[in-house]
Amino acid sequence: MLNTSARTAMLYDRVRRVIPPIEWPAFADDIDAILDLKQQRNAVILAHNYQTPEIFHCVADIVGDSLALARKAMSVDADVIVLAGVHFMAETAKLLNPQKTVLIPDLGAGCSLADSITAEDIRLLRQRYPRVPVVTYVNTSAAVKAESDICCTSGNAKAVVESLGVPRVIMLPDEYLAQNIAAQTAVEIIAWKGHCEVHERFTPADIRQLREDHPGVTVLAHPECPPEVVAEADFSGSTAAMSDYVGQQKPSRVVLMTECSMSDNVAVEHAEVEFIRPCNLCPHMKRITLANIRTALEQNRHVVTIDPEIAGHARLAVERMLAV
């Protein structure tokens, strides 16, 4: 019988450019066990673009940004879904797969955006702005989604806003995403003051320094960054859009103004591109590890549940988004 190192050697070939050889033995045993557990439990792993390469490239079955994960979750052929991401993503997977078991490896994998707003906040906004539709970013709890008219992601926010055919909308909770979308549409956008603790730290000065230190670098910024950062960048888009840009444009040198692991995951596919890495880590995403993915599958931990009444309303808001 092959030992663990031999069984995982092909996987290491895929990620050897971003994971040093000395680190691989610490991952190999968990990877090998997870591959077996997925077969035993008829499980799939959905991993967000911000997961580390040993998760993203070695054990995940479906990868992508929040929109891609939401879409693909609808057609998952499995009994168990493990969400390698943050809690709102696991809730979204459960909303779209109410009969399946959805696991989140660490209950502490939250989100500063999701924590910035409550269902009660939306009810108060509706009182202040009657008949103005509420567009809610997927980076929110199921309870918040349930109070909304439609959801959006950073990749489809403009299309969602314009699909409503109204002169103004409430868009929450990310203030910077709302401001960046407002600059692209004639629809008036009423924003909430929520921020991503990763993207709000980037500044225009960071970009100017990067251009000085790395002449010719192409700068890609996530739309959760402040508008003045987006204005300094060469391109702004969702994590999926940034990945597509690198694949299509093949910049010789690039920097992704987003969560740190994104660069590692895209770099695996593009050996010809030099990635400059300003490293802002998401502490919540980094709570997901191979070890707790393995434990989740071994112990059926932690099962995501949503109150049925909340789930019905929240599911409708997500399905409306997916229909756009």
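Student: How many residue pairs are in polar contact between domain 1 and domain 3 in this predicted model?

Tutor: The model is predicted, and the pairs counted here are those in which both residues have pLDDT 80 or more. On the side of domain 1 that touches domain 3, α2 (9-15) and α4 (53-56) each supply at least two residues. By class, that side of domain 1 has five nonpolar, four polar and four charged residues. Between domain 1 and domain 3, the residue pairs in polar contact number nine.

Student: How many salt bridges are found across the interface of domain 1 and domain 3?

Tutor: A salt bridge needs a side-chain nitrogen of Lys or Arg within 4 Å of a carboxyl oxygen of Asp or Glu. The side chains of Lys286 and Glu259 meet in a salt bridge, with an N to O distance of 2.8 Å. Across the interface of domain 1 and domain 3, the number of salt bridges that the rule finds is two.

Student: Which residues of domain 1 lose the most area to domain 3?

Tutor: The chain is divided into domain 1 (4-110 + 285-303), domain 2 (113-196) and domain 3 (204-276), and the contact takes 13 residues from domain 1 and 15 residues from domain 3. Domain 1 and domain 3 bury about 1,200 Å² between them, with 49% of it on carbon and sulfur atoms. Together accounting for 45% of what the side of domain 1 buries, the residues that lose the most area to domain 3 are Arg17, Asn49 and Tyr50.

Student: Is the ring pair of Trp24 and Phe27 stacked or edge-to-face?

Tutor: The count of aromatic pairs comes to three. Trp24 and Phe27 both lie in helix α3 (residues 24-41), where they are three residues apart, about one turn of the helix. Their ring centres are 6.4 Å apart and their planes stand at 80°, so the pair is edge-to-face.

Student: What is the phi of Asn42?

Tutor: Asn42 has its place in the loop between α3 and β1 (43-48). Although Asn42 is not a glycine, its phi is positive, at about 50°.

Key
Residues numbered from 1 in each chain as written. Predicted model: local features only at pLDDT ≥ 70, side-chain atom pairs only at ≥ 80, totals over all residues. Heavy atoms only, no water. Domains from an automatic or database assignment. Contact = heavy atoms within 4.5 Å. Buried area = accessible area lost by both parts, 1.4 Å probe. Polar contact = N/O pair within 3.5 Å; in protein donor to acceptor, adjacent residues only side chain to side chain. Helix = DSSP H or I, 4+ residues; strand = E, 2+ residues; numbered from the N terminus. Nonpolar A, V, L, I, M, F, W, Y, C, P; charged D, E, K, R; others polar. Phe/Tyr/Trp six-rings, centres within 6.5 Å; stacked < 30°, edge-to-face > 60°.
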